[in-house]
Amino acid sequence: MIASQPKLEEKGCLVYWEKLGAFKFRGACNAVFSLDNDEAAKGVVTHSSGNHAAALSLAAKLRGIPAYIVIPNGAPKCKVENVMRYGGQVIWSEATMQSRESVASKVLQETGAVLVHPYNDGRIISGQGTISLEFLEQAPQIDTLIVPISGGGLISGVALAAKSINPAIRVLAAEPRGADDAARSKAAGRIITLPETNTVADGLRAFLGDFTWPIVRDLVEDIITVEDNEIIEAMKLCYEILKVAVEPSGAIGLAAVLSDSFKNNPALKNCSNIGIILSGGNVDLGRLWDSYRK
């Protein structure tokens with residue numbers, strides 16, 4: 001699977017340049033290329049605010065099949081342009097999850113395509129888990145992984161793969177305080193959804209699914225929530241020090257490590273070799289600057 005380009009290794013920092021600027025290509029490729037020919041012929045459909053949409057569009061293009069992409073109104077312009085660039089057929093929905101799922105269901109009925117859910121799908125989870133394989137092959141001394149969380153596809157794959165290699169490794173999630181359903185779910189012991197979300201991290205507004213919740217419940221040790229201003233400060237650090245453009249959803253892991261919640265948590269004081277997944281470089285700069293001025 002073509003997942004990443006050659007790495008840059010400098011001063012102990014391991015960087016893989018991901019296709020599309022996001023981890024989503026891994027899961028999308030795994031899902032698309034696991035379909036048999038009859039299934040694939042009718043194409044694939046999904047609903048996504050951007051990175052999974054673009055990833056599925058490119059994976060479908062590589063296999064030569066159609067991709068029907070339901071995108072909510074208000075999605076970042078740069079992500080919508082990526083979908084169109086890779087040949088995805090855009091169908092618009094309202095911004096709510098209910099609308100996204102309803103429109104996707106209608107497209108399924110009309111086309112007979114295969115649904116590839118952005119996170120609540122075993123093929124997607126398995127594809128995202130390849131991140132752990134590469135991470136721990138290159139840096140086996142890592143004792144803690146910090147991963148963005150939304151619907152849970154990324155962290156589920158990362159946790160399953162990482163703990164199969166090293167059962168003692170800690171897996172921590174990073175979540176925006178304005179979309180903290182996963183943290184609330186973890187505390188309550190059941191899936192909690194929110195009536196609305198409010199965060200600059202547009203890729204972290206989904207809710208846990210029935211595939212991802214049990215993995216998060218059982219294998220993720222803690223969820224660290226951070227404010228939007230902390231996320232933006234982490235983005236600035238990535239650019240100023242690493243010279244890497246990272247979108248808010250991707251920078252949240254660094255924001256979590258730098259937060260007081262992490263530093264002052266006695267249960268995390270033994271985290272000495274920390275791996276942070278920074279994935280997502282599709283930044284709508286106009287919207288970002290506007291939010292930073294508020």
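Helices (H or I, at least four residues) and strands (E, at least two) are taken here as DSSP runs, numbered from the N terminus.

I note that this is a predicted model, in which local features need pLDDT of at least 70 and side-chain atom pairs count only at pLDDT 80 or more, while totals for chains, interfaces and linings use all residues. Residues are numbered from 1 along each chain as its sequence is written, and side-chain values use heavy atoms, with hydrogens and water left out.

I then looked up how far helix 8 is covered, and 10 of its 13 residues are buried, among them G153, L154, A161, A162 and K163.

Strand 8 (residues 170-176) has 6 of its 7 residues buried, so it is largely enclosed by the rest of the structure. Strand 7 (residues 144-148) runs parallel to strand 8 and is joined to it by 5 bridges, where pairing requires that DSSP finds at least two bridges between two strands; within this pair, L145 stands opposite V171. The chain passes from strand 7 through helix 8 (residues 153-165) to strand 8 in a right-handed β-α-β crossover, right-handed meaning that, with the strands pointing away from the viewer, the path from the first strand over the helix to the second runs clockwise. Strand 8 is also joined by 5 bridges to strand 9 (residues 222-226), again running parallel, and there A173 has I223 as its bridge partner.

I turned to the open sheet of 4 strands, which has the order 5-4-3-6 and parallel pairing. Strand 5 (89-93) and strand 6 (114-115) are at its edges with a single partner strand each, so one side of each is left without a neighbour in the sheet. Strand 3 (residues 44-47) pairs with strand 6 over 2 bridges, and V45 has L115 as its partner.

For the nonpolar cores (buried Ala, Val, Leu, Ile, Met, Phe, Trp, Tyr and Cys residues joined through side-chain atoms within 4.5 Å), I recorded that the largest has 25 residues, with V44, L56 and I69 making the most contacts inside it. Helix 3 gives the largest share of this core, 7 residues. Leaving aside neighbours within four places in sequence, V44 is in contact with residues including V32, L56, Y68 and V116.

Lastly I looked at two single residues. S249, in helix 12, counts as buried at 7% relative accessibility, and its side chain reaches the backbone nitrogen of G203 at 2.9 Å, a polar contact being a pair of N or O atoms within 3.5 Å; within protein, one must be able to donate a hydrogen and the other to accept it, and residues adjacent in sequence count only if both atoms are side-chain atoms. K243, in the loop between helix 11 (228-242) and helix 12 (248-258), counts as exposed at 60% relative accessibility, and its phi is positive, near 60 degrees. Most residues other than glycine have a negative phi.

Note on methods
Buried means under 20% relative accessible area, exposed over 50%, partly exposed in between (1.4 Å probe, protein chains only). Contact means heavy atoms within 4.5 Å.
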